[in-house]
Amino acid sequence: MLATRELLPFHGPFGGGGIGAYVAETARALQPIADVTLLVADWLKPEHDALAAAGDPRLDHGGARILWVPVPEPDELGGFYAHMQLYAARVLEVLRAGFPDRGPDLVEFCDYLGEGFCTVEARRAGDPLLAETLIAVRLHTSVEICDVLNGHQTALFDPRLTRQIERRTLEQADVLLHGGGDVLGTYRRWYGDRLAPAVRVRHPLAAEPTDPGPAPDGPLRMLYVGRLERRKGVEDLVEAVAAIGGDWSLSLLGADTATGPRGASMRRVLERGVAGDGRIRFLDAVRREQLPQAMAEHDLLVLPSRWECWPYVALEGMLAGLPLVAPPVGGLTEMVVDGRTGWRVPATGEEALRATLEPLVLEPARARALRGGAALRDHVAALTDADAIRGEYERLLARPRAILGRVARPAGEPDPLVSIVIPYHRMHRFVTETVDSAFAQSYRRIEVLLIDDGSFGPDDGVLAELATRYPLTVLSQPNRGLAAARNFGIGQSRGRYVLPLDADNLLEPEFVARAVAILETEPDVHYVSSWNRYVDEHGAALPEPNVGYQPLGNWSPLVEERNVAGDGTAVLRRRLFDRFRYPPDLTSFEDWALYRLLHRAGLHGRVIPERLWRYRVREDSMLRTVGDVHETRLRAEMEAQIAEEEMTWTSTSA
């Protein structure tokens with residue numbers, strides 16, 4: 001299965017990203033050996049259906065089945081933190097609906113925007129549907145790298161979170177796929193050593209070579225094809241050629257972008273810079289099938305990118321008979337064979353470009369000697385051989401399906417005890433359902449501790465009734481608040497794991513079993529939570545879009561700004577509380593404070609992207625009566641509490 005937010009390949013890299021072209025080519029290449037399904041953003045559906053109805057031959061994706069993923073509207077975000085988090089959740093939802101009995105053998109996601117985030121998290125969290133599914137992430141170019149090279153990394157929360165889920169997906173996938181060259185090397189230099197294992201699987205290309213025809217005598221005719229974008233080096237190129245005297249021509253073919261200084265139109269910036277120099281022409285973007293004709297009118301394809309992954313336009317240029325001039329970045333390091341398929345610029349930037357192009361401008365016959373040569377076609381054929389690529393996919397599918405980081409439990413080891421700690425204060429209307437849900441767990445080795453936090457009215461006799469129905473322990477303390485009650489109960493617990501559960505919330509039957517399965521086999525995971533479902537005081541699910549809370553986990557540094565880590569309803573390793581505790585003086589945000597302390601200690605959790613417990617939204621809930629009203633004060637109190645917890649205040653030498 002291939003997932004894509006693009007599909008229509010003729011949009012191309014000169015008017016949009018090249019991912020759609022890649023997906024269509026890959027679907028066709030895999031048709032002889034696989035049943036291919038495409039997960040596609042539904043904003044393309046109207047155009048797709050219109051082209052399909054017209055029998056447009058350009059709409060060729062090898063007969064693959066298409067599953068359409070609804071693209072979220074701004075008002076649908078609800079409890080999700082970012083547009084792409086919600087989109088990734090819908091990808092997982094559509095995948096589950098499209099494969100109800102067994103997951104696909106392979107799912108390949110693009111790294112751009114992290115659309116595979118929720119599916120990767122589900123696989124790592126032991127989703128039974130994905131137990132035998134290998135999840136690969138293809139390196140195309142992340143939005144983080146694009147933003148850096150386009151000179152603008154916004155501080156807004158939504159795009160920052162998108163960068164975080166991109167990183168998480170690159171780390172947690174089963175395998176990364178790259179086309180070759182320096183693509184993987186660049187990712188390792190940028191992202192460090194936390195990336196998932198990687199293998200080379202080439203990009204297919206089914207295009208046929210075209211004859212560019214004889215080149216006329218005269219000045220060298222250079223062509224740039226691609227978006228007019230800062231990261232693609234168009235400013236460097238224009239400055240380089242403008243500094244070269246004599247006769248030559250440069251055509252810039254591609255769509256405009258707002259990547260000029262202060263978000264200005266790049267085309268306008270370039271046009272002002274050349275000040276009417278007739279040697280430089282700006283051409284509007286064309287469709288992919290029109291590109292060979294445009295290329296036939298030139299001698300040389302110049303791709304000055306500051307970084308480029310595996311550009312199809314370079315391969316298509318060679319098939320159209322144009323040698324390349326490009327710096328040694330990404331896939332271009334393998335596409336440009338110096339003196340055979342073009343000329344390798346020694347570095348990025350204006351000076352290196354000028355030094356490489358100037359001799360060719362002065363002696364155009366050198367470039368025309370390679371133009372239309374068999375070496376260009378042969379090199380493309382070697383890089384895009386469909387049989388070899390199918391073999392690479394077959395070897396990929398033969399990889400073990402074990403989840404990275406998992407260890408086997410010793411045979412015959414008994415299930416560990418899980419202590420469910422339920423603080424109670426005037427929750428007589430709801431506590432029975434909460435206790436019922438605790439004892440309804442499919443995981444049977446549990447103990448339940450009810451902590452009566454100074455609630456001794458007539459209605460609180462329900463605790464005694466529950467003690468006669470279930471083998472639970474009721475402990476009492478003077479009213480000291482939720483955090484203190486949790487700490488007290490955890491201190492009295494006997495389990496290897498503890499699960500704090502508020503007295504008005506409800507567990508689904510598989511919550512504890514799913515969490516323990518992860519904790520028992522992933523020693524680097526220190527707590528497990530899940531998404532939840534919001535219900536009202538009567539237990540009815542709340543309507544869209546605010547259906548629940550979808551945390552990420554405390555692995556994200558954004559936990560220092562918002563509670564992306566999770567609710568207190570989580571299964572935690574009991575030994576954590578030998579070092580940490582819920583800050584007892586906080587009247588709200590105590591979960592967030594604990595997860596921040598764990599984050600700073602490098603102790604991270606995992607969130608199951610399923611709704612495995614229910615959060616009761618009440619008119620008098622603590623979040624509404626305390627958290628929302630006094631948020632600024634509570635945040636300041638939390639900062640002080642965390643600072644206090646991290647400091648050793650007593651003398652070690654007295």
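This is a predicted model: local features need pLDDT of at least 70, side-chain atom pairs count only at pLDDT 80 or more; totals for chains, interfaces and linings use all residues.

Q: Which residues of α16 are buried?
A: Buried means under 20% relative accessible area, exposed over 50%, and partly exposed in between (1.4 Å probe, protein chains only). In α16 the buried residues are Ile-389, Arg-390, Gly-391, Glu-392, Tyr-393 and Leu-396.

Q: What do the buried residues of α16 pack against?
A: Packing is read from contacts, and contact means heavy atoms within 4.5 Å. The buried residues of α16 pack against α1 (19-30), β4, β5, β6 (175-178) and β7 (198-200).

Q: Which side chain reaches the backbone at the start of α16?
A: A side-chain oxygen of Asp-385 comes to within 3.3 Å of the backbone nitrogen of Asp-387.

Q: Now a strand. How many residues of β4 (residues 106-110) are buried?
A: Five of its five residues are buried, so to read β4 is to read a mostly covered strand. Leu-106, Glu-108 and Cys-110 point one way, Val-107 and Phe-109 point the other way, and all are buried.

Q: How many bridges join β4 to β5 (residues 134-138)?
A: Two strands pair if DSSP finds at least two bridges between them. Five bridges join β4 and β5, which run parallel. The bridge partner of Leu-106 in β5 is Leu-134.

Q: Which unit do β4, helix α4 (residues 117-124) and β5 make?
A: A crossover is right-handed if, with the strands pointing away from the viewer, the path from the first strand over the helix to the second runs clockwise. β4, α4 and β5 make a right-handed β-α-β unit.

Q: Which unit does strand β8 make with helix α8 (residues 234-242) and β9?
A: These elements make a right-handed β-α-β unit. Six bridges join β8 (residues 220-225) to β9 (residues 248-253), and the two strands run parallel. Arg-221 stands opposite Ser-249 in β9. Two bridges join β8 to β11 (residues 300-302), again in parallel, and Met-222 stands opposite Leu-300 in β11.

Q: How are the faces of β8 covered?
A: Leu-220, Met-222 and Tyr-224 on one side and Arg-221, Leu-223 and Val-225 on the other are all buried.

Q: What is the strand order in the open sheet of eight strands?
A: The order is β16-β15-β14-β17-β20-β19-β21-β18, with mixed pairing. β16 (473-477) and β18 (506-507) stand at the edges with a single partner strand each, so one side of each is left without a neighbour in the sheet.

Q: Where does helix α18 (residues 462-469) pack?
A: Axes are lines fitted to C-alpha atoms, for helices over the stretch in contact, and angles run from 0 to 180 degrees between N-to-C directions. α18 packs on the sheet and touches β14, β15 and β16, and its direction makes about 165 degrees with that of β15. Strands β14 (residues 418-424) and β15 (residues 446-453) pair in the parallel sense over seven bridges, with Leu-450 in β15 as the bridge partner of Ile-422.

Q: Is Leu-324 buried or exposed?
A: Leu-324 is buried, with a relative accessible area of 0%. Leu-324 lies in strand β12 (residues 324-326). Leaving aside neighbours within four places in sequence, its contacts include Leu-301, Ala-314 and Trp-343.

How values were computed: Residues are numbered from 1 along each chain as its sequence is written. Side-chain values use heavy atoms; hydrogens and water are left out. Helices (H or I, at least four residues) and strands (E, at least two) are DSSP runs, numbered from the N terminus. A polar contact is a pair of N or O atoms within 3.5 Å; within protein, one must be able to donate a hydrogen and the other to accept it, and residues adjacent in sequence count only if both atoms are side-chain atoms.
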